[in-house]
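Thanks for coming, everyone. I'd like to walk you through one model today, so please have a look at it first.

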Amino acid sequence: MAKNTKPLTSTEEWRTLEAHYRKIGGAHLRKLFAEDAKRGERMAVSALGIYFDYSKHRVTDETIRLLVKLAEAAGVRAAAEAMFRGEKINITEGRAVLHTALRAPKGSSILVDGENVVPRVHAVLDRMSDFARKVRDGSWVGHTGKPIRNIVNIGIGGSDLGPVMAYEALRHYSHRGLNFRFVSNIDGADFAEAVQDLNPKETLFIVASKTFTTLETMTNARTARDWALKVLKDPAAVAKHFVAVSTNAGEVSRFGIDTANMFGFWDWVGGRYSMFSAIGLSTMIAIGPDNFQAMLAGAREMDEHFLKAPFERNLPVLMGLLGLWYNNFFGAQTIAVLPYAQPLKRFPAYLQQLTMESNGKRVTVDGTAIDYQTGPVYWGEPGTNGQHSFYQLIHQGTKLIPCDFIVFSKDPNRLAVHHDLLVANVFAQAEALAFGKAEQELRREGVEDRLVPHKTFAGNRPSTTMLMDELTPSALGKLVALYEHSVFTQGAIWRVNPFDQWGVELGKVLAGRIGPELESETEPELAHDSSTNALIRRYRKNK
C-alpha cells in the first residue's frame, strides 16, 4: 500500500469530502431524481456483462468526482499495479499477494523472488484437470475397485467458504452423478451429518489445509480416516480415498495420503483469496475443467478492467468508494448483500470472510492507531427470502443499511413465471428503498390518520443493482474478483493491510491451552480469569 505521512482524515481530499457531505448528505433521492431526468441512465456503468446501476445512491456527480480524487491521492492505481507485479505488499508477513496470478494466462510472466510463478500455477491446474477428469469419468476407483460417487471437502475458512459457495452457485453445471458434501466445523455434528448416508467404498475426501496442521481440519480429517477404515480395514486404502490440498508433504505422507495426490499452492495465496487455486479442486470436479477455466477467465477479465478502466467507470473502484462513503461519512456500519439468485445463497457468507477478515483492522500498515472506521459488517440472504425476514428493518428501521442487489436476466431452469416474479421483486425493493412512500401519498389514498405513521416509508435508503445476463462460471469469476478488488480499493485508502489476519490467532492459541484442560482426567490447575475458570469447571462436571 502507498506510504502516507499525513493522517488520512487531515488530507485535503478527505476534508473536502467532509464539507461535501455536510452540504448534500441530507438530500433525498426523490429530489435528486426529480432534478435529473437522465440520472437513472447516466449513473450506471455497463462493463464485462455487468450493468452496475448506482443511481439510487445518495451521491451527485460531484460526490463521485471527489471520491475518485480521494482514490487517486491514496495511490490506489499504483498499489494495484504493485500487487499485480508480485511485490511483497503484505508487509507484516513479507509476502506477495498474487491471487490474480491464479488466473493469469499461459505465457505471461509474474515474478516472485526472481521466479516466474505462472508456469507453476498452470502445472497445478493441469494436474487438477487430469485428476478431476478421472473422478468424473469413473476411471479413478476406490480401494475396492468401486468408482467414486461422493466427494467430501474438508477445510475451514477460505478452504471451505470458497468451494461450498462456488459449488452451490454453479450446481446447474455440476456432474449430477456425483454427490458433494462440505465439512468445516469442529463440531462433530458437521462431519456426522455429512457422511451419514455415504458408503466409504465410494467416497473421496479432499483435505484442504496449507500446513496440514489446522486444528479443525485435521481433527475432521482424522475422524474421516477412522470412519473410512472401519469399513475398508486396510490402511493402504487411505491413498485411494484421500487427497490433499497442501504444501506440507511430510505431514500429508504421515497421514497416509500419496504425495502424488497432493495439490499445492503458495504462501502468496491468502486463504480467503484461494478459491481459484488448488483449494478449488472440489469445484473443478463438480463443474469440470472447462467450466473451471471459464470461471478463471471471468475473474481475469475483471482483473484487467480493474487495472485499466478509469476510476469513474471502474466497477471495483466505484463499489469500494460507495461503501467507503457510507461507512466513513454517514456512519453506516453494515452493508447488505442481497443476491436474487438462490444458487448464490452462500455468497454473502463467502463475502463475510473476504471483506471483514481483510479490512477489519485497527492500525495502518505502519502500525499507527486508526481514528476512523474501517471495514463495515457484511451480511445478507438471497431474495425473496430476506424480504420476509429482515427487510422491515432496512425499510423502516433507524439504521442506514446500503444494499447490493445482484440479479440475472436469464433463468437456466427456464421457469419463466418464477423468474419474472423474482426480478420484479428486486426492482421493486430497490425502488421502494430509494423513494419510499410519503405521508401525503398515504393520506390521498385515504389511509386512517392513526395508521399513517406506521405505513410511511421515509425512503432515501441507498442501493446498487447489478444486473447480469446469466449465472455462469464466467459470471461467478467476475463477481468474486469484483468484490476482491473493491476490498483492495478500500484497504488502500484506509491504509490497512487487507492480506494479514492476526486477529484470528489469539483465540486459536487460547483454545490450544484450554483444550487439554477440558480433556484432562485429573482436575487441572486453572489460571484463566474467574469467568473462564468457572465455565471450564462446569463443563468438566457436566460432560
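Let's start with helix 9, residues 215-232: its 18 residues reach 25 Å from first C-alpha to last, close to the 26 Å expected at 1.5 Å a residue. That expected span is 1.5 Å times one less than the number of residues. Helices here are DSSP runs of H or I with at least four residues, strands are E runs of at least two, and both are numbered from the N terminus.

A quick word on the source: this is a predicted model, where local features need pLDDT of at least 70 and side-chain atom pairs count only at pLDDT 80 or more, while totals for chains, interfaces and linings use all residues. Residues are numbered from 1 along each chain as its sequence is written, and side-chain values use heavy atoms, with hydrogens and water left out.

Back to helix 9: its buried residues include Met 218, Trp 227 and Leu 232, buried being under 20% relative accessible area with a 1.4 Å probe, protein chains only. Just after the helix, Lys 233 takes a positive phi of about 70 degrees.

Six strands form an open sheet in the order 1-2-13-12-10-11, with mixed pairing; two strands pair if DSSP finds at least two bridges between them. Strand 1 (44-47) and strand 11 (377-379) are at the edges with a single partner each, so one side of each has no neighbour in the sheet. Strand 2 (residues 50-53) pairs with strand 13 (residues 463-468) in the antiparallel sense over four bridges, and Asp 53 stands opposite Thr 465.

What about the inside? The largest nonpolar core has 126 residues, and Trp 268, Ile 285, Leu 344, Phe 347, Leu 476 and Tyr 483 touch the most other members. Such a core is a set of buried Ala, Val, Leu, Ile, Met, Phe, Trp, Tyr and Cys residues joined through side-chain atoms within 4.5 Å. Helix 20 (residues 473-494) gives the most to this core, with 12 residues.

Last, a helix pair. Helix 21 (residues 505-519) and helix 22 (residues 530-542) pack at about 35 degrees, with axes 9 Å apart. Axes are lines fitted to C-alpha atoms, for helices over the stretch in contact (heavy atoms within 4.5 Å), and angles run from 0 to 180 degrees between N-to-C directions. Among the residues that meet are Ile 514 and Leu 518 in helix 21, and Ile 536 and Tyr 539 in helix 22.

Key
Buried means under 20% relative accessible area, exposed over 50%, partly exposed in between (1.4 Å probe, protein chains only).
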